[in-house]
Amino acid sequence: MSRVSVKSLCAFAAKAGDLDIRFVPAPTAHEGQAGHSLVQSRRGPGYEREVALETVVDGLQVRGRADGYDAGQRRVEEIKTFRGDFARIKGNHRALHWAQAKTYAALLCERDALTSITVALVYLDLASGEETVLQEHCEATALKAALQAMCEAYARWAQQEEAHRAQRDAQMAQLAFPHGDFRAGQHKLSRDVYRAAACRRCLIAQAPTGIGKTLATTYPLLRGMAAHGTDKVFFLTAKTPGRQVALDALRQLGDDRALRVLELSARESACERPGAACHGDSCPLAKGFYNRLPAARAEAAEARWLDREALRRIAAGHGVCPYFLGQEMVRWSDVVVGDYNYYFDGTAMLHALAREEEWQVAVLVDEAHNLVDRARAMYSTTLAFTLLDGGEAAAPAFVQAALRRVRREWRQVSRAQTVPYAAATDLPEPLVRSLADAVAALSEHAAQSSPELPGPLQALFFGLLALVRLADVFGPHSVFEVTNTPQGEPLTLAIRNLVPAGFLRPRFAGASTAVLFSGTIAPFGYYRDLLGLPEDTVELEVDSPFRAEQLRVEVARDVSTRLRDRPRSLPRITAVMARQFAQRPGNYIAFFSSFAYLDMAFEAFARQHPGVPVWRQSSGMPERERTAFVARFAPGGQGIAFAVLGGAFAEGVDLPGDRLVGAFVASLGLPQHDEANEVLRERMEAMFGQGYAYTYLYPGLRKVVQAAGRVVRTEQDTGVVHLLDDRFAQPEVLALLPRWWTVTSGTAP
């Protein structure tokens with residue numbers, strides 16, 4: 001039997017009109033819950049709260065909770081909260097609210113054998129606490145007919161989806177691995193992913209580049225969809241190229257099958273009308289969007305393969321926005337491929353939908369070593385003092401007064417600071433109160449503004465709101481930072497997250513299984529601590545299929561790339577590079593810790609060895625230049641590329657065979673020793689007893705191993721890696737290098 005919530009049923013069958021996402025300050029979930037409780041507390045003793053209801057219509061189970069019901073008055077209430085002008089609540093939103101309220105009324109009439117009932121929409125103004133009530137006396141027969149019509153529309157779709165699910169599960173249960181035999185290490189990874197999913201546990205896996213991690217992790221989760229009761233697989237990537245790798249693997253696994261695959265792109269890249277606002281008055285694709293959505297949704301479901309281009313083609317055929325068509329198809333897809341933020345961010349759509357719909361989801365996190373920094377950024381925010389100037393100029397008097405209080409309290413904090421940068425473990429309460437008051441004032445103004453806040457004021461509002469929201473959950477996982485000019489003038493306020501574990505833990509708990517995999521995600525304890533992985537997470541290190549003789553690794557013990565030693569070490573570094581190129585001409589890449597160091601080395605090498613072709617990465621390279629940079633690594637080619645360690649060419653670049661025969665790494669990749677990182681080191685020491693390792697050593701060596709991993713990509717490749725710093729010979733550093741490497745000592749000529 002198919003099941004559907006009242007909310008989902010009405011959204012599917014009763015939503016109509018324009019797409020309109022103009023900014024209106026919406027209540028938070030907490031405010032909405034508080035508003036519901038306030039209204040419910042005002043009712044009499046016979047009033048029932050959160051009334052659980054369900055029925056079956058033509059084989060479709062409909063269930064939900066009515067906000068309130070007074071049996072004595074035969075009156076059901078649907079409660080909604082809002083801010084500002086009641087008249088600005090959009091007509092199509094009210095129509096949806098009426099559909100929900102009348103559906104609950106129909107369920108109550110059936111339960112209590114009523115012939116009629118009063119249906120009330122109660123809108124609570126959060127600012128004033130006043131209620132606006134719209135009500136209608138409805139006959140049970142009319143309510144039943146309206147419910148029947150919605151259920152008929154949904155039931156046809158549900159039957160189609162049930163058939164799709166059955167076909168999908170049957171085909172996936174018989175899914176064969178596309179290459180017949182597994183590569184070395186691939187079978188163990190695949191088997192352990194399957195077992196973790198069967199036991200509903202998380203798994204963190206380090207597996208070397210070249211074994212086919214994407215196929216090895218995706219295959220067992222698809223194969224086990226029926227056995228494990230999996231509704232959806234979310235494949236999450238850190239960067240756009242990762243999405244294509246995932247899609248390529250999925251094509252191999254299910255291109256000719258019932259599997260429905262969806263790629264989620266950023267709104268900016270998917271937008272067909274750049275510059276147009278997302279509402280019917282500005283964009284024709286938003287005008288009447290929900291009226292045309294059913295036909296577009298039906299074609300998309302039939303198409304099954306919904307990458308960016310397919311969504312664009314289908315959306316164009318129906319005159320709808322491709323981005324929001326993609327958002328709709330999340331509900332009806334088996335595998336969703338998208339960025340980390342779709343599941344791990346504070347307002348993540350995939351996580352919210354999974355909770356709301358009670359989906360059983362399997363989450364794959366590709367190149368998971370990136371998740372620490374990405375998650376820190378998700379739960380951090382910075383506000384520039386200059387935003388106050390532009391915002392004040394566009395604000396009405398009562399908002400200006402609130403912003404002046406922010407300015408005053410901010411200056412007070414800045415004056416108390418004797419250095420340009422400082423980080424605190426506590427928040428200055430007067431400043432936080434002024435920020436919250438400014439958000440409240442701006443919310444009130446935004447609720448009254450038409451059509452929406454002007455740009456500078458809206459930017460200020462979002463900046464203040466982000467700070468206030470993170471202030472509400474501030475704790476040992478974060479620090480409060482104040483930056484001033486050298487003259488003591490305010491520059492920025494920031495809440496910087498250091499340990500995202502507390503924010504990510506519910507995301508992992510919300511998945512039936514989560515698999516984090518990468519070629520460089522050790523030591524596991526570091527990622528377990530910072531990401532908040534469950535205690536029973538399975539840890540797996542897959543043996544490399546590569547042999548030690550495929551890669552010669554030499555440490556230059558007489559070279560130092562410490563900042564003070566760089567000018568003196570350059571002749572030795574360039575000599576190592578020239579000697580290696582003479583021994584085996586081919587394509588090489590040399591990695592340096594910064595663009596300044598890179599440029600210094602590039603100029604020195606080009607001057608000393610003009611016969612060797614060289615090219616270099618530049619800061620802020622556009623896509624066209626990045627493509628040209630990689631294209632120079634042609635089979636049989638010769639030359640040395642200069643790049644920044646940890647940059648665009650240090651990971652995710654695949655150059656098999658003789659497209660790349662060697663690498664030089666002139667840096668341990670250690671993050672800069674600055675005040676911000678020292679604050680991080682102190683917190684890591686206090687929380688985990690691993691200050692230096694968690695702040696500097698582990699992140700740095702991960703970048704080194706990633707960069708060196710560009711050289712050997714297949715079991716036929718051979719090459720050389722020169723580690724150009726004496727610190728690579730230290731035992732604690734050697735212990736973090738791949739086990740299959742045999743590291744020898746070398747000296748510069």
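Biologist: In which loop is the place of Glu-358?

Modeller: Glu-358 sits in the loop between α14 (349-357) and β12, where helices (H or I, at least four residues) and strands (E, at least two) are DSSP runs, numbered from the N terminus. The model is predicted, so local features need pLDDT of at least 70 and side-chain atom pairs count only at pLDDT 80 or more, whereas totals for chains, interfaces and linings use all residues. Residues are numbered from 1 along each chain as its sequence is written, and side-chain values use heavy atoms, with hydrogens and water left out.

Biologist: What is the phi of Glu-358, and is the residue buried or exposed?

Modeller: Glu-358 has a positive phi of about 60 degrees although it is not a glycine, and at 57% relative accessibility it counts as exposed. Here buried means under 20% relative accessible area, exposed over 50%, and partly exposed in between, with a 1.4 Å probe and protein chains only. Arg-74, in the loop between β3 (60-70) and β4 (75-82), also has a positive phi, near 50 degrees, and is partly exposed with a relative accessible area of 39%.

Biologist: How should I read a helix, and which residues of α5 are buried?

Modeller: An α-helix has 3.6 residues a turn, so residues three or four places apart point the same way. In this model, α5 (residues 186-198) has 13 residues and reaches 19 Å from its first C-alpha to its last, close to the 18 Å expected at 1.5 Å a residue, the expected span being 1.5 Å times one less than the number of residues. Its buried residues are Gln-186, Leu-189, Ser-190, Asp-192, Val-193, Ala-196 and Ala-197. They cover an arc of only 170 degrees around the axis, which puts them on the same side of α5; the arc is that of the directions from the helix axis to the C-beta atoms. Just after α5, Arg-200 takes a positive phi of about 55 degrees.

Biologist: Against which elements do the buried residues of α5 pack?

Modeller: These residues pack against β7 (203-206), α6 (213-223), α7 (225-228), β17 (513-518) and β18 (538-541), and a contact means heavy atoms within 4.5 Å.

Biologist: How do I read a strand, and which residues point each way from β17?

Modeller: In a regular strand the side chains alternate between the two faces of the sheet. From β17, Thr-513, Val-515 and Phe-517 point one way and Ala-514, Leu-516 and Ser-518 the other way, and all are buried.

Biologist: Which strands pair with β17, and in the parallel or the antiparallel sense?

Modeller: Two strands pair if DSSP finds at least two bridges between them. β7 pairs with β17 in the parallel sense over 4 bridges, with Ser-518 as the bridge partner of Gln-206. Strand β12 (residues 361-365) also pairs with β17 in the parallel sense over 4 bridges, and there Leu-516 is the bridge partner of Val-365.

Biologist: What radius of gyration does the protein chain have?

Modeller: The protein chain has 29 Å, which agrees with the value near 27 Å that a compact globule of 749 residues would have; the radius is taken over C-alpha atoms, and the globule rule is 2.2 Å times the number of residues to the power 0.38. Of these 749 residues, 54% count as buried, and the chain has 27 helices and 25 strands.
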